[in-house]
There are 2 protein chains.
Amino acid sequence: MSQLLLGIDLGGTNIKTALVNDEKQILAKESRPTNAQDGVEAVLDQMAEAARAVAKEFGLPLEDIAAACIGAPGPLSQEKGVVYSPPNLPGWKDVPLADHMSHRLGIPCIIENDANAACYGEFWMGAGQGSQTMVLLTLGTGVGGGIITNGKLLRGVDGTAGEIGHMKVQGVGGRTCGCGATGCLEAYASVTGMLQTAREGLESGVASMLSGSGDTLTGETIAVAAAGGDEFATDVMNTTARWLGIGISSLINLFNPEKVVLAGGMANAGEHFYSTLRKTAASQSFEVPANTAQIVRSTLGNDAGVLGCAGIALDSINQ
Amino acid sequence: MSQLLLGIDLGGTNIKTALVNDEKQILAKESRPTNAQDGVEAVLDQMAEAARAVAKEFGLPLEDIAAACIGAPGPLSQEKGVVYSPPNLPGWKDVPLADHMSHRLGIPCIIENDANAACYGEFWMGAGQGSQTMVLLTLGTGVGGGIITNGKLLRGVDGTAGEIGHMKVQGVGGRTCGCGATGCLEAYASVTGMLQTAREGLESGVASMLSGSGDTLTGETIAVAAAGGDEFATDVMNTTARWLGIGISSLINLFNPEKVVLAGGMANAGEHFYSTLRKTAASQSFEVPANTAQIVRSTLGNDAGVLGCAGIALDSINQ
């Protein structure tokens, strides 16, 4: 009989839950509001309720599920099963999430940080399926990421590995990053970084459809202007793609991966963006790994995290 | 009974050979000239002769050795056991080294690139012992490296992973690297990079003990001048240490390693060099992994490769 796994993706806004078997079939799935303002206990109850709901939808008791994994925002300790104090879960402080959920569900529960869970999702069921070494970059307000080496999540000693957004791409004279360091990839290749590139140009008085857009400037308005033929907006997109290509070239030289998967809002950029970043990545890395590494878009989108959790639950019982 | 492993480090100048048991005891060791100019067959015969010599020294037949690994200069395919065309082994082209040596020695033989072998040596018996995740940087003419994740060598899909010297640390406006890319760590933090930093300063007319040294400028003369209080030489060493710290900060954020091990000539630099690079690495990476990562000097020196080969041979039969 196939093994049943439960994935729960605990976000600041929604709790996503999925029941998946070890043949990667999604048996049941749901999403409900987190209502984080109701406090820790209420959120834990919601997750337990969601777990019971998907089990019931598939018509079996919770006890038939082999294991569960909850993806949560960091900082957290995967090993200890404790969530420290995530900015988007107000009131959470040193919550032993794995223990709480094991107790509530009566099945083995582990936790994983959400970026790693999304990476594992793409590796197990998405764009990285079939690879042994892959890298995920999540391009949003920041640049998040996760890394699979030899078929396993790279967690590092404290579980903090995979901070791809905080590789240095401009070590001297680079932008200050939100993390306090200088010249991080995130300072250039996130939406925030792209907006800074645009603002710096606009402030210098360049002519563009975007001139005077002030606070209404977003990643989308830049993409739309570029698609509409605006030269400056196209330059901004190209610059961002090149920085991303530079960061990816380092990853290709370090990891020699089969796949580099891009997720998050900016991953939806058009073919020109991908062609620019692929060209930069190839020209800045060694030929053999550059030819091997396929730079592709996420296929699971927002479900990567919850499905990755199910995969991590399976991995935890197969170890 | 403990298992016996044979490590052979095939360098352009010397062939080093060691017999090691699975309790990490070195039972016999020797070194002899490679005499690469005598051609492929002669070098293969030398390696077989060296293997028989260490077995004889320990008083047992070759057949009692469980496995051997030969560390060789790249490019090579670890998986196929083939050495392509290493610059410092003239006349070698697509040599099936693993097959040749298995045939000559009558025991299972695999091959590994020399940088990975040195990394595995430090992991198995040296400065990285006891860690699960570690990074080795070899600081010489170039910056080589190797990476251990989850207790395994990170080889990547084609076996080209671990090119630490070719992470980008200055993506825009950076130096051209020997690899053809721009802003690689190697262009700043190798001896070659340090010499370029010194030459750029000297050409601008700075006052220094090194002024007018021309072709006699070396890593050693810079280190000696710095130790003698020369301000410019000290600046050059500090600049090099900071670049190295920047590169290491990326590695700390990506891998969250227990150990970052420095090998090669520049690793022998003094405490001031280490303190500068440690300070930079810590200030440019996240606090938790920065506190965990110990940046230390290699303890095996030139024996890292041959001992790493023995360890890799053991790993190959334990898989």
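Predicted model: local features only at pLDDT ≥ 70, side-chain atom pairs only at ≥ 80, totals over all residues.
## How the two chains are related

Chain A can be superposed on chain B by a rotation of 180° with 0.0 Å of shift along the axis, and the RMSD of this superposition is 0.1 Å. The two copies are thus related as by a two-fold rotation axis. Within chain A, the residue whose C-alpha comes nearest to this axis is A:Gln170, at 2.1 Å.

## The interface

The contact between the chains is made by 44 residues from chain A and 44 residues from chain B. Of the interface residues of chain A, 100% are also interface residues in chain B, so the copies meet through the same surface. The size of an interface is often given as the accessible area lost when the parts come together. Here chain A and chain B bury about 3300 Å² between them, and 55% of that area is on carbon and sulfur atoms. On the side of chain A, the three residues A:Lys168, A:Leu254 and A:Asn256 supply 19% of the area buried against chain B, which is more than any other three residues supply.

One residue that reaches across to the other chain is B:Arg155, whose contacts, leaving aside neighbours within four places in sequence, include A:Asn256 as well as B:Gln78, B:Glu112 and B:Ile312. B:Arg155 lies in the loop between β10 (152-153) and α4 (186-189) of chain B, and its side chain is joined to that of B:Glu112 by a polar contact of 2.6 Å.

Most of α7(A) is covered, as 20 of its 25 residues are buried. Just after the helix, A:Asn256 takes a positive phi of about 45°.

Helix α10 of chain A (residues 304-318) has 15 residues and reaches 21 Å from its first C-alpha to its last, close to the 21 Å expected at 1.5 Å a residue. Because 12 of these 15 residues are buried, α10(A) is largely enclosed by the rest of the structure. Among the buried residues of α10(A) are A:Ala304, A:Leu307, A:Cys309, A:Ile312 and A:Asp315.

## An aromatic pair in helix α3

Over all chains, a search of the whole structure finds 7 aromatic pairs. In the pair formed by A:Tyr120 and A:Phe123, the ring centres are 5.3 Å apart and the planes stand at 65°, so the pair is edge-to-face. Both residues belong to helix α3 (residues 114-125) of chain A, where they are 3 residues apart and therefore separated by about one helical turn. An α-helix has 3.6 residues a turn, so residues three or four places apart point the same way. A:Tyr120 counts as buried at 6% relative accessibility, and A:Phe123 also counts as buried, at 10%.

A:Thr276 is placed in helix α8 (residues 271-283) of chain A and is buried, with a relative accessible area of 12%. A polar atom of its side chain lies 2.9 Å from the backbone oxygen of A:His272. Leaving aside neighbours within four places in sequence, A:Thr276 is in contact with A:Asn238, A:Ala241 and A:Arg242.

In chain B, B:Ser77 is found in strand β5 (residues 76-77) and is buried at a relative accessible area of 9%. Not counting residues up to four places away in sequence, B:Ser77 touches B:Val82, B:Tyr84 and B:Ile111.

## Backbone features in the loops

In chain A, a cis peptide bond with omega of about 0° joins A:Gly74 and A:Pro75, and A:Pro75 is found in the loop between β4 (67-72) and β5 (76-77). In chain B, a cis peptide bond joins B:Gly74 and B:Pro75, again with omega of about 0°.

A:Lys24 has a positive phi of about 65° although it is not a glycine; A:Lys24 is placed in the loop between β2 (14-21) and β3 (26-33) of chain A and counts as partly exposed at 31% relative accessibility. B:Asp94, also a residue other than glycine, has a positive phi near 50°. The loop that holds B:Asp94 runs between β6 (82-83) and α2 (97-105) of chain B, and B:Asp94 is partly exposed, with a relative accessible area of 43%.

Notes:
Residues numbered from 1 in each chain as written. Chains lettered and ligands numbered in written order. Heavy atoms only, no water. Least-squares fit on C-alpha atoms with pLDDT ≥ 70 in both. Contact = heavy atoms within 4.5 Å. Phe/Tyr/Trp six-rings, centres within 6.5 Å; stacked < 30°, edge-to-face > 60°. Helix = DSSP H or I, 4+ residues; strand = E, 2+ residues; numbered from the N terminus. Buried < 20%, exposed > 50% of the residue type's maximum accessible area, 1.4 Å probe, protein only. Expected span 1.5 Å × (residues − 1). Polar contact = N/O pair within 3.5 Å; in protein donor to acceptor, adjacent residues only side chain to side chain. Buried area = accessible area lost by both parts, 1.4 Å probe.
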